[in-house]
Amino acid sequence: MGSGILARAVVQAYRQALANASKSGVAQETLQNAARRVSKSMTEQEARQILGVSEETTWEEIMKKYDTLFERNAKNGSFYLQSKVHRAKECLEGVYRSNGDGSPS
């Protein structure tokens, strides 16, 4: 429910920014680049799939999974997978902070 509201707000903000840009002469390309960056953010569901955790998983268990996957990919040299694991942790950290579930640190 919250993600639907957020998505609608982003679309509305983007439309307003385009309207303002046409009035003020700001290049549309800059606004489109910003919208592309927002669309590349990871969803909570994707983050949970990457770390292999469910919604009931505690923050401590998430950190154990994160540490294991991060170190495993550091040893094998897969920077791409290591960065995906890190972004997944960051995404879930934000979710746990906003929900007050556990103590992300």
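Helices here are DSSP runs of H or I with at least four residues, numbered from the N terminus.

This is a predicted model, where local features need pLDDT of at least 70, side-chain atom pairs count only at pLDDT 80 or more, and totals for chains, interfaces and linings use all residues. Residues are numbered from 1 along each chain as its sequence is written, and side-chain values use heavy atoms, leaving out hydrogens and water.

**View 1. One helical turn in α4: tyrosine 66 and phenylalanine 70.** These two sit four residues apart in helix α4, so about one helical turn separates them. Tyrosine 66 is buried at 9% relative accessible area, while phenylalanine 70 is partly exposed at 23% (buried is under 20%, exposed over 50%, partly exposed in between, with a 1.4 Å probe and protein chains only).

**View 2. A charge over the ring of tyrosine 66.** Lysine 89 puts its charged end over this ring, 5.0 Å from the centre (NZ of Lys or CZ of Arg has to be within 6 Å of the ring centre and within 35 degrees of the ring normal).

**View 3. Tryptophan 59 meets tyrosine 96.** Here the ring centres are 5.4 Å apart and the planes lie at 50°, so this pair is tilted too. Tryptophan 59 belongs to helix α4 and tyrosine 96 to helix α5 (residues 79-99), so the pair ties together parts 37 residues apart in sequence. Both residues are buried.

Note on methods:
Phe/Tyr/Trp six-rings, centres within 6.5 Å; stacked < 30°, edge-to-face > 60°.
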